[in-house]
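This briefing goes through one protein chain, topic by topic. Please keep the sequence and the structure in view while reading.

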Amino acid sequence: MKRINLLKRSANYKGLRKGFIDIATLLLVSAFILGTISIGPLFPNDPNPSNTIIRAYLKEMALKYNIPSVILMSIAYTESGWRQFDASGNPIINYNSQTSFDIGIMQINSVGRNDIDKLKTDIFYNIEVGAKILDGKWKITPGIGDRDKNILENWYYSIWAYNGFSYTNHPQNPDGRHYQDKVINNLSRLILGSDGQPLWMPIKITKPDPLSISNPPQWIPTPIPYNYGDLYSGMYEGNNAKLLEGFSDIVVPVGKDFTLAFLMQNVGTTTWIKGNDCHMLLTISRGNFFQEYTDYIASNIVAGDAYAFKFNMNIESIGTYDFTLKMFSGDQVFGSKVRGSLEVSDAKAMENTSDYQEALDIGQPVKVKFDFQGADNLKPFVDISLTNQSGNVVYSTILQEDITNDLLSTSFVPISQLTFPGTYQLKERLILFNGDIQELSDFSLCPSYLEVIKPFTLNQTNQTGIMLDSAPRSGHIFINGVDTGLFTPTFVALPPSSYSISIAKDGFDTFVTQKDVKGLDFLLCNLNPKIGNLALVPSQSNIDFGTVQNDESKFKSLSISFSGVLSTPLIASADSKYLTVFPLTATTASNFTISIDSRWLSVGGSINGKITFKTSSSSVEVSVMANILSTNAKIYLLPDRATIREGESLQIQARLCSQTYPINVASFFITYDTSLIKFDNFFINSSLFFSNLHSFSTDFSTTVSQTSEGRIEVSFNSQQGFLGDDQIASFNFMALKKSTGTLITCENAQVLSNGQEIVVITNPSNVSILEKLNLPSIVRNLSTEALIGKIQLDFIGASQGSYPLENYEIFRSKDASVENAIYIGNTITTVFVDNGPLERVAYYYWVISVDSMGNSSSPVGPVSAIPLIFSDSLPRYVKLEFYIGKPFIFINGIQMPMDVAPFIVNGRTFVAVRYIAEPFGAQVIWNGKTQQVTLIHKKLIELWIEKPIALIDGIETPIDEKDPTITPFIKNGRTMLPLRFVSENLGATVGWDTKLQKVTIDYKN
């Protein structure tokens, strides 16, 4: 799994901090392959949400159901062009027949649905239903390759099944719709939305050979080359719980206690109740290591509030560990899983006390130092807090300095109205991140790599001056118009006098005040934004990409901050197709990734564009500049980035490109890491395609030789000269072990045109190797049992593969074709009861094992059963026959098992309530809190455990006038009721055969 940064989001809710900073990491999974360009649907006064909103929700729902987001996005576009409503505001409806039609953005078919109105009016509900359907199609269609859901090529059958898994869409059908090919073709196109952004980043998916697909389709290998999606990156939010704050890529010490904490917000409509087993499960895994931790809520959490879950742990081995967060209410999972990673490190960190002074005068700086060993590339922060003798934090700050020569050295001035002379406790928490990460606003939930607590004394000072602080901080301080060079918060020594004090900060009005300094004074000022109630402040107003080659992309980071309350989302947009910005929306101060793709641009000259950030009341523009450099020739590797698994093959193309000079000679070396990948074989292109300026030619030759282990020499010669862009040769490699980075490079390239050497550029191939994927095993001994109005499935559970088992999903159909089955529920046990509604027909069932990453086994089944169903909810005639002590019942002559046999107490026959009520069509309701049984039939019958009085239509009625000890009770987990009392009040007659110990009940409606 690729490491990711979890998002930190702010929210307006009671008792929580505001102004968290988003951390966004843009992960490019596949090469940007240019197809045709089109513009998404645009309508005046469009009744549909903006493409920005639709894009975000499609991605959220895709990731929620473990679907690569581009797959769901392209299906939505193919179905409706990302439209729920037409220009008049009516839902998009396409009729198949008089009784069948498709609805909305995902074109959900109407047959058998009772939510048609909601599918028509609610675009977000329509999208989620479409995602559920597609996820179900994945599980019941034949597998492709190793059934890795993150391989886009593995979704070919599932996309096909979304439109009907029949010969109509078979690629060998000359008259077929070939729906899946349309979806895949759309994925390779650049389609610009109404917000000026691509609906998705184009990607070329490899289709399977049509001749390899049988009819009906069976398993086929994954087409090569293949591409990975975005399932192993990013964070997504569920319907009930949302991660507000958490840290990925955090570094923790090996073999020492630390605490991981996550702030979760209740975004549902119910309260998380203490004592109802509401908890979070944290799973830590790496290779064969697997550990689970649980934290239960300690108080009720109402909707909108949040709770910090904390986990204490100690990990004994260094390395990168994956973690998964899941919320539970009892044994039921709610919300969505959140994934991230942490780095367990043996880097040494220790406090350096060479300059530390335990006692200082107020206003003097406190010096902080740490020595390091083995902390290369780690990003350090120091969380400082000062606690008084009562245990209250009176001062806190975050310090950030780079590690230079294995030393971190910085300082701070304790400044607060509450900081008076006296003894304090100083806590220094060293926090490390793996790699470069922008400073965050809050570190309270971050685990410490090293924690130092020591006494600290502030002495009274004879100096006069002023302690200055501002909100937001980092205000530039001027005294009587003179620049002090200092920034808030700090202490400024001043003799007693009256001073004009100014504090300036970009994007805010300058704060000016007059202050009489008489001794040691304090001043806190609030800086007001310049534009209305909200000022957007970019970290830079100009982005200069410098020189960009004419076939490459470059990326830069830009942060947007503001002061005030953001009442509507911040929307980002670019003014041209060669610029992109990610993310497109934000609800708090955020980091954005700005990218420029030079393939849209003409060679030579300067390029100017702009990125606009808007809210409902404010906007700011950032200019973007680049110079496009003309390159005469390029030798490049495709794909330039790829993800495969251990033991899998990867094909790398070496291509030659020249648009200006005819190439006669080209030579270069392919180098690779032999410890990570193995070279298998190569293939030389025998029919290079030349541009229209030249005809097809055979005057060229290509030679490939392996000069040494890990080094391959390639030479190309052409008398006529090559113009265009084509493959010279391809090379097959096999992945040996997990790794990531630049594993294959192109080196020492030389290109000649008519004897003259010309400039040539090359690129490497960044290959990530994941661990080999093992799917969960299939379940065994699947069987069914027909019950009254329901069907029970039993099976022997599966064993886990690469990831822990999540649950078992159940699919049902009225025929034996798994392609027609629908998802009906899941279970974490090996028993599942299908409560219908069912008819008196045969039902077929399949069970699929699913792991925590959404990978699934093949379906097991079908098994079938016919439930015992009576003609109406209130049947015309039912005859029941019970035998005392016998664990079975005859219903209209059909023998059925009973889990508790009838028995006699004080001369009265008792039987479990379900065996009387359900055959008569009565609804049974149990209230465990009040120990009450309610039967809803022609009459309302209410009984209570151990109580001799019942209510019949609200009227108190003795259960047995002669014997008040005859009351309902519980046996073996079943509610036992007096048979005669219940039967007669349901309108039946009761007969008794003493000789046979038999009870006969006749019911006529």
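The points below start with the whole chain and then turn to particular places in it.

The model is predicted. Its chain has 1005 residues, and 53% of them count as buried. The secondary structure consists of eight helices and 68 strands.

**The chain as a whole**

- The accessible surface of the chain is about 44100 Å², and carbon and sulfur atoms account for 48% of it.
- Among contacts between residues at least 6 apart in sequence, 65% join residues at least 24 apart.

**The largest nonpolar core**

- The largest nonpolar core has 49 residues, and those that touch the most other members are L58, I71, I75, W82, M106 and W200.
- Two or more residues of this core come from each of these elements: helix 1, helix 2, strand 3 (101-103), helix 3 (116-121), helix 4, helix 5 and helix 6.
- Helix 2 gives the largest share, seven residues.
- W82 touches N51, I54, R55, L58, M73, A76, Y77, I105, L199 and W200, when residues up to four places away in sequence are not counted.

**Helix 6**

- Helix 6 covers residues 179-187, and seven of its nine residues are buried, so the helix is mostly covered.
- The buried residues are Y179, Q180, D181, V183, I184, N186 and L187.
- These buried residues pack against three elements: helix 2 (69-80), helix 5 (156-162) and strand 5 (190-192).

**P68, a loop residue**

- P68 is in the loop between helix 1 (51-64) and helix 2.
- Is P68 buried or exposed? P68 counts as buried because its relative accessible area is 0%, and the cut-off for buried is under 20%.
- Leaving out neighbours within four places in sequence, P68 is in contact with A62, K149, N150, L152, W155, G229, D230 and L231.
- One of these contacts, L231, is 163 residues from P68 along the chain, yet the two C-alpha atoms are separated by 5.8 Å.

**N664, a strand residue**

- N664 is part of strand 40, which runs over residues 649-672.
- N664 has a relative accessibility of 11% and therefore counts as buried.
- Apart from its neighbours within four places in sequence, N664 is in contact with F716, N717, S718, Q719, Q720, G721, L752, S753 and N754.

**Salt bridges**

- Side chains of opposite charge can pair when their charged atoms come close.
- The count of salt bridges comes to 18.
- E128 forms one with K64, and the closest N and O atoms of this pair are 3.0 Å apart.
- This pair links distant parts of the chain, with E128 in helix 4 (residues 123-140) and K64 in helix 1, 64 residues apart.
- Both E128 and K64 are buried.
- D115 forms a salt bridge with R113, and here the closest N and O atoms are 2.9 Å apart.
- D115 counts as buried because its relative accessibility is 11%, whereas R113, at 29%, counts as partly exposed.
- R908 forms a salt bridge with D960, with 2.4 Å between the closest N and O atoms.
- This pair also links distant parts of the chain. R908 is in strand 59 (residues 908-912), while D960 is in the loop between strand 64 (955-958) and strand 65 (969-971), 52 residues apart.
- R908 counts as partly exposed because its relative accessibility is 32%, whereas D960 counts as buried at 11%.
- Salt bridges that share partners join D135, K139, K149 and E809 into one network.

**A nonpolar surface patch**

- Which residues make a nonpolar surface patch of about 210 Å²? The patch is made by I925, I936 and L940.
- L940 lies in strand 62, which covers residues 940-944.
- L940 counts as partly exposed because its relative accessibility is 33%.

Definitions and conventions. Residues numbered from 1 in each chain as written. Predicted model: local features only at pLDDT ≥ 70, side-chain atom pairs only at ≥ 80, totals over all residues. Heavy atoms only, no water. Buried < 20%, exposed > 50% of the residue type's maximum accessible area, 1.4 Å probe, protein only. Helix = DSSP H or I, 4+ residues; strand = E, 2+ residues; numbered from the N terminus. Contact = heavy atoms within 4.5 Å. Patch = residues over 30% accessible without salt bridge, like charges linked within 9 Å, V, L, I, M, F, W, Y side chains within 5 Å. Areas by Shrake-Rupley, 256 points an atom, 1.4 Å probe, with all protein chains shown as cover. Salt bridge = Lys/Arg side-chain N within 4 Å of Asp/Glu carboxyl O. Core = buried A, V, L, I, M, F, W, Y, C linked by side-chain atoms within 4.5 Å.
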